[in-house]
Amino acid sequence: MEEDASQSDKKLLENFSGSGKAIGVLTSGGDAQGMNAAVRAVVRMGIYAGSKVYFIHEGYQGMVDGGQHIVEAKWQDVSSILQVGGTVIGSARCKEFRTREGRKQAAYNLVTHGISNLCVIGGDGSLTGANLFREDWKGLLQELISDGKIDTGTAEKYNHLNIVGMVGSIDNDFCGTDMTIGTDSALHRIIEVVDAIMTTAQSHQRTFVLEVMGRHCGYLALVSALACGADWVFIPESPPGDGWEDQMCQKLSENRSQGTRVNIIIVAEGAIDRKGKAISSSIVKDLVVKRLGFDTRVTILGHVQRGGTPSAFDRILASRMGVEAVLALLEASVTTPACVVSLFGNQAIRVPLMECVQMTQEVQKAMDEKKFDEAVKLRGRSFENNLNIYKSLSHRKPDGEQPSSNFTVAVLNVGAPAAGMNAAVRSAVRTGISQGHKMLAVTDGFDGFIKGQIKEIKWGDVGGWVGQGGSLLGTKRTLPAKDAEAIAEQIRLRNINAIMLVGGFEAYLGLLELSTARTTYDEFCIPMVMVPATVSNNVPGSDFSIGADTALNAITDTCDRIKQSASGTKRRVFIIETMGGYCGYLASMSGLSAGADVAYIFEEKFDIRELQSNVEHLTGKMKTTVQRGLVLRNENCSENYTTDFIYQLYSEEGKGVFDCRKNVLGHMQQGGSPSPFDRNFGTKIAAKAMQWISRKLKETYREGRVFANSPDSACLLGMRRRTLVYQPVAELKDETDFQHRIPKEQWWLKLRPLMKILAKYKISYDVSDAGQMEHVPRLHTQDSQQSITI
């Protein structure tokens with residue numbers, strides 16, 4: 001450890017490493033993409049903390065069998081597994097572990113290796129089994145003493161078992177965490193299939209019924225339906241009411257008569273009706289064919305959803321959870337309950353394991369008792385919010401039942417294109433129409449506003465937009481200040497009562513200029529809200545921006561391919577330049593997800609001495625069994641230490657040990673189909689923004705007109721830690737570095753040390769921001785992120 005490590009760090013590490021108690025890590029139950037990232041993080045963080053870490057192969061079966069199934073893990077053993085799906089240490093069901101005799105054998109195998117800290121990556125069954133094992137531990141050791149297998153000294157030394165769990169489950173069916181490891185990757189697989197099916201279905205005017213996993217939880221079906229704009233979805237928590245057959249067929253027929261060439265119906269494998277009768281994909285297909293005569297096909301995705309490369313989100317999530325799990329074990333005592341490391345908003349926290357299990361079981365109990373509304377609420381605010389937004393965006397009320405507000409709202413995109421913008425516009429348009437507003441679409445940002453390129457946009461006009469990349473409205477970087485009079489004239493001519501902007505830093509600057517112009521033009525005294533959308537994730541007031549996740553996945557995927565290209569060749573280091581302007585978010589987070597050795601960013605100054613240290617570090621690694629290195633550079637991190645300079649430096653210093661290649665990723669980071677996260681984040685945040693507009697319109701309507709000039713009527717809607725927050729843009733000025741177009745404080749900087757620790761740098765790690773123990777009821781009573789979880 002470095003000498004400058006904080007006192008709290010030193011104390012924790014000394015207490016732990018001095019105990020002589022090792023960590024065992026196992027994966028159990030069904031596999032999930034991202035499990036390997038979690039295993040890698042546990043191994044490397046454990047070694048960093050001075051502890052021995054052991055692989056327990058084949059889950060609880062390996063723990064019971066012992067022998068070659070329990071093997072000490074070395075640093076290099078987890079190299080090159082970040083991008084691998086499944087679990088490299090294996091997973092298996094184990095009947096013996098359910099018996100006391102089996103658990104006694106497992107306890108013996110652990111103590112003989114000095115293991116009394118256990119990290120379990122699995123579902124609720126695996127974690128419940130771990131908790132039972134912990135409760136039995138002392139009794140099992142006493143039995144082993146009686147059997148003569150261990151002595152009292154060994155039993156005393158390992159007198160209690162610490163358990164920390166991480167939930168690996170593609171179904172996202174575990175209460176107490178916003179996202180489980182593997183869920184985002186499973187959604188990627190589903191959406192890839194849906195996008196592919198869309199093209200062939202449009203060619204033939206077909207209806208496709210997709211069956212996705214989710215025997216007891218409809219999360220995958222619900223969120224994938226949101227992410228592809230499906231016509232209908234069946235989930236076990238919210239069965240359709242009586243007469244659903246007629247309603248569904250009528251909706252499919254209406255959509256087809258309005259020119260839609262493809263219908264998508266998504267069915268969770270556990271879908272049922274209100275009486276508990278199963279609704280299968282084949283039943284739905286037969287119904288559509290019989291009633292409507294549509295050419296209908298069934299696709300059952302099956303284990304495709306478990307396979308493939310983990311997404312950037314899952315790699316980062318699993319890495320953060322793995323590090324947090326080791327920290328939880330560092331701090332655990334005899335009185336500490338077994339806990340689960342969870343994600344809440346963008347924070348890693350710890351929750352008592354059995355509270356989570358109990359809440360998860362309550363969901364199933366409510367469904368068994370046919371209390372479906374209660375089951376939806378028990379799933380959490382995010383699940384309930386997903387369901388409500390899906391219903392409002394997929395089902396348009398008949399004209400006679402549609403409310404009328406007499407308000408007109410304009411929507412425009414500003415700045416560079418970002419994947420997910422179209423999903424946000426679709427959501428805003430349909431939410432606005434469902435609330436009775438007349439919706440106007442502005443083409444080409446403020447340029448189009450000035451030129452009067454404004455037209456009404458209807459419900460059907462945004463059909464199919466959710467999966468489209470780029471900006472279908474068109475977007476430019478033009479700012480409004482110099483043409484404020486022309487924009488005010490258009491607002492007056494079109495009787496625009498509110499404006500919604502979807503964009504990046506230019507949208508933020510534009511909204512500031514519009515709100516400032518209120519002193520000159522009354523036309524700007526209307527509610528105005530901005531939704532952040534930029535790959536750079538550099539908008540103040542929000543931890544996340546629409547488009548950043550898609551860019552992260554593009555970078556991560558490219559890094560995987562580039563590293564793979566060197567497979568079988570001599571040792572090679574890749575220097576890769578990412579986008580982001582002066583914001584290092586993309587370089588830092590893709591470095592964490594791709595397993596980079598270092599990422600150079602503007603926010604953390606570096607000099608030639610650090611470059612030299614990095615080269616020496618990488619040279620040292622390359623002299624071992626490591627064959628590939630990855631160095632990321634944010635495009636504006638330094639005026640003089642350019643990508644070419646860093647490439648030439650590494651090439652020169654690495655002669656005889658490794659060679660170098662460089663790659664500038666460029667605008668491919670902005671393109672492509674939006675990720676499931678960006679589709680759903682865009683959909684949900686835009687719906688919330690439009691709901692805010694509706695409230696503000698009612699509040700500010702006086703004497704036949706809308707008049708809003710208070711600071712809180714020009715807001716940015718952003719994700720802050722755990723909550724969606726409406727923030728007046730005037731108040732965000734103090735938080736902004738306008739010269740470099742970045743926020744003055746950025747939450748993700750705290751994650752940068754993780755990348756270095758996992759790349760074997762000996763640096764100090766501040767644990768003051770480590771997760772705290774919280775309780776499940778508290779999680780569900782906050783109006784949290786109906787927001788960041790997808």
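Me: Where is E58 placed?

Reply: First, the ground rules. This is a predicted model, where local features need pLDDT of at least 70, side-chain atom pairs count only at pLDDT 80 or more, and totals for chains, interfaces and linings use all residues. Residues are numbered from 1 along each chain as its sequence is written, and side-chain values use heavy atoms, with hydrogens and water left out. Now the case: E58 sits in the loop between β2 (53-56) and α3 (59-65). Helices (H or I, at least four residues) and strands (E, at least two) are DSSP runs, numbered from the N terminus.

Me: What is the phi of E58?

Reply: Most residues other than glycine have a negative phi. E58 is not a glycine, yet its phi is positive, about 60°. E58 is partly exposed, at 33% relative accessible area. Buried means under 20%, exposed over 50%, partly exposed in between (1.4 Å probe, protein chains only).

Me: And E703: buried or exposed?

Reply: E703 is exposed, with a relative accessible area of 84%. Its phi is also positive, about 50°, and E703 is not a glycine. Look for E703 in the loop between β22 (701-702) and β23 (705-706).

Me: How do I read the packing of α8 and α14?

Reply: Two packed helices are described by the angle between their axes and the distance between the axes. Here α8 (residues 219-228) and α14 (residues 381-394) pack at about 45°, with axes 10 Å apart. That makes α8 oblique to α14. Under 35 degrees is roughly parallel, over 145 roughly antiparallel, 65 to 115 roughly perpendicular, and the rest oblique. Axes are lines fitted to C-alpha atoms, for helices over the stretch in contact; angles run from 0 to 180 degrees between N-to-C directions.

Me: Which residues make the contact?

Reply: From α8, Y219, L222, V223, A225 and L226; from α14, F383, N386, L387, I389 and Y390. Contact means heavy atoms within 4.5 Å.

Me: What is the strand order in the open sheet?

Reply: Strands pair if DSSP finds at least two bridges between them. The 7 strands run β3-β2-β1-β4-β5-β10-β11, with mixed pairing. At the edges stand β3 (70-72) and β11 (347-352), each with a single partner strand, so one side of each has no neighbour in the sheet. The twist averages 30° from one strand to the next.

Me: How many bridges join β1 to β2?

Reply: 3 bridges, and the two strands run parallel. I23 has V53 of β2 as its bridge partner.

Me: Which strands does α11 lie across?

Reply: Helix α11 (residues 312-331) lies across β1, β4 (115-122), β5 (162-167), β10 (339-344) and β11. Helix α11 runs at about 140° to β10.
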